[in-house]
Amino acid sequence: MAYATQDHWAEDFITASTSGQTAPSPAAFPESPHASRSYWIREFPIPFEDQWIKAPIQSEVDVAIIGSGISGASVAYALSESRPGLKIAMFEARGICTGATGRNGGHIGRPEAYNMIEMSKIFGVEDAVRQRQLTRINREMMIDTVKKLDAVEEVDLSIKGTLVVFKDGNERQKFVDDLAYAKEIGLKTEGHVVDAEWVSKHLAISPSKTQFGGAYLENSALERMNDFSLHPYTPVSKVDFDCDASDHKFTLTTSKGQVKTKIVFHATNGYVSHVLPSMAGKNGVIGCRAHMIGISPNLPRTAVQLEGGFGYADFWHWILQRPNNGPYLYGLATAEKMGDYNDTTTIPDNDPIRMEMLSFLEEVFPHSFKDLTVEKDIVYDWTGVQGFTATGASIVGRPNPERRGEFVSVGHNGEGMGRCFACSVVIHEAILAELDGITTWTPPAWFPMSYRRNI
């Protein structure tokens with residue numbers, strides 16, 4: 001969504017990231033260790049978290065992972081398959097997956113041609129194609145892994161597509177132009193335009209919202225590693241580097257003590273500059289607090305289940321309904337607040353954004369919602385901090401080329417579920433190369449140049 005108003009977005013980013021100071025401010029960190037609890041965390045708690053809360057830390061490990069979201073977990077999973085003998089420690093400042101991963105909307109893809117013309121101007125044609133192809137590569141990697149783990153039912157994997165309904169004729173024409181351009185430059189797209197009749201047939205939404213049609217996209221480490229340790233509620237406050245050390249060059253200072261490691265991977269997204277101040281500012285990452293609600297239909301079930309993902313107005317509204325006429329999980333881009341790191345509270349009940357969200361549900365899904373109120377109908381209510389960059393590109397690689405063995409995968413711009421797994425595959429390969437002493441390693445050809453930081 002960062003590309004929709006690129007110039008304005010970049011300006012807001014720089015203003016928020018520098019806070020009017022001459023030197024960019026590193027990320028703040030909430031005083032409370034508890035984030036607001038998302039639908040996913042409330043309904044699907046991590047069963048093994050309690051056993052690790054008081055676990056002692058090891059004084060030396062091979063790989064230290066900071067952050068337990070999808071990026072950290074993906075790297076841990078990949079290492080458990082390739083090098084199960086490694087000694088790995090994962091540190092999480094709060095509960096497992098309570099960050100941006102825990103607040104996600106459940107979408108792993110949307111029609112990939114959107115904003116291709118503008119992206120090509122910013123990143124060049126070849127890299128714009130790589131960025132959009134990465135989303136598909138990421139999706140296939142995630143689906144393959146879920147199937148490999150025999151977890152399709154457990155994670156409620158749905159491959160029924162994502163439909164983004166156009167707000168007006170201008171948005172429709174823009175996507176049509178982007179789609180034609182994408183095909184012209186060689187991007188093979190699965191997403192395509194559908195007309196108003198198709199939308200009305202497949203979605204029980206207000207006819208006034210379907211007149212312009214839409215764009216449609218069809219669509220365990222703990223057990224394998226004896227020396228894997230997980231430390232929730234164990235924040236890392238400092239990472240020191242000793243270039244003269246023979247092996248374990250990094251020292252992490254945590255709330256449980258210090259740990260020496262050969263490799264350190266920062267998977268903290270919006271919070272990365274809290275430990276790495278160099279990642280602040282216009283060339284780094286800034287946190288952005290996002291808000292979501294979960295709200296169940298309050299009318300007798302007369303409409304079909306909302307299948308797959310739903311977006312409206314260039315995906316500024318994004319919605320996913322849980323199975324069996326379950327709650328609608330709904331996020332709105334205008335509820336995002338750049339530079340806000342406090343995800344321990346949600347927005348006030350009387351905030352106009354809440355009224356906007358409730359009115360939208362009533363207008364678009366009249367067969368499911370009527371006379372909604374905050375007090376009566378909002379069942380789930382949570383916030384989470386995402387990581388954004390000025391260009392909209394993720395930052396994957398080495399934060400400092402002089403500190404070999406230190407890696408980041410951050411700044412996924414609200415599209416982490418569509419990027420993180422593939423980015424983590426690249427980090428996994430980079431870690432193995434570092435451990436093996438390979439100095440000529442380069443990322444796969446499909447990985448966007450604009451995502452690469454010192455690799």
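How many disulfides does a search of the whole structure find? The search comes back with 0 disulfides, and keep in mind as we go that this is a predicted model. Individual cysteines sit in contrasting surroundings. Cysteine 243 has a relative accessible area of 53%, and because exposed means over 50%, cysteine 243 counts as exposed. Cysteine 288, with 1% relative accessibility, is buried, because the cut-off for that class is under 20%.

Another cysteine, Cys420, takes us to helix H13, where Cys420 is one of the residues touching helix H6. Two packed helices are described by the angle between their axes and the distance between the axes. Here, H6 (residues 125-148) and H13 (residues 420-435) pack at about 85°, and their axes lie 7 Å apart. The two helices are therefore roughly perpendicular to each other, since that class covers angles from 65 to 115 degrees. On the H6 side, the contact is made by Leu134, Asn138, Met141, Met142 and Thr145, while H13 brings Cys420, Phe421, Ala422 and Val425. Sorted by class, this contact holds 7 nonpolar and 2 polar residues, with no charged ones.

From its first C-alpha to its last, H13 reaches 22 Å, close to the 22 Å expected at 1.5 Å a residue.

Conventions. Residues numbered from 1 in each chain as written. Predicted model: local features only at pLDDT ≥ 70, side-chain atom pairs only at ≥ 80, totals over all residues. Heavy atoms only, no water. Axes fitted to C-alpha atoms, helices over the stretch in contact; angles between N-to-C directions. Helix = DSSP H or I, 4+ residues; strand = E, 2+ residues; numbered from the N terminus. Parallel < 35°, antiparallel > 145°, perpendicular 65-115°, else oblique. Contact = heavy atoms within 4.5 Å. Nonpolar A, V, L, I, M, F, W, Y, C, P; charged D, E, K, R; others polar. Expected span 1.5 Å × (residues − 1). Disulfide = S-S within 2.5 Å. Buried < 20%, exposed > 50% of the residue type's maximum accessible area, 1.4 Å probe, protein only.
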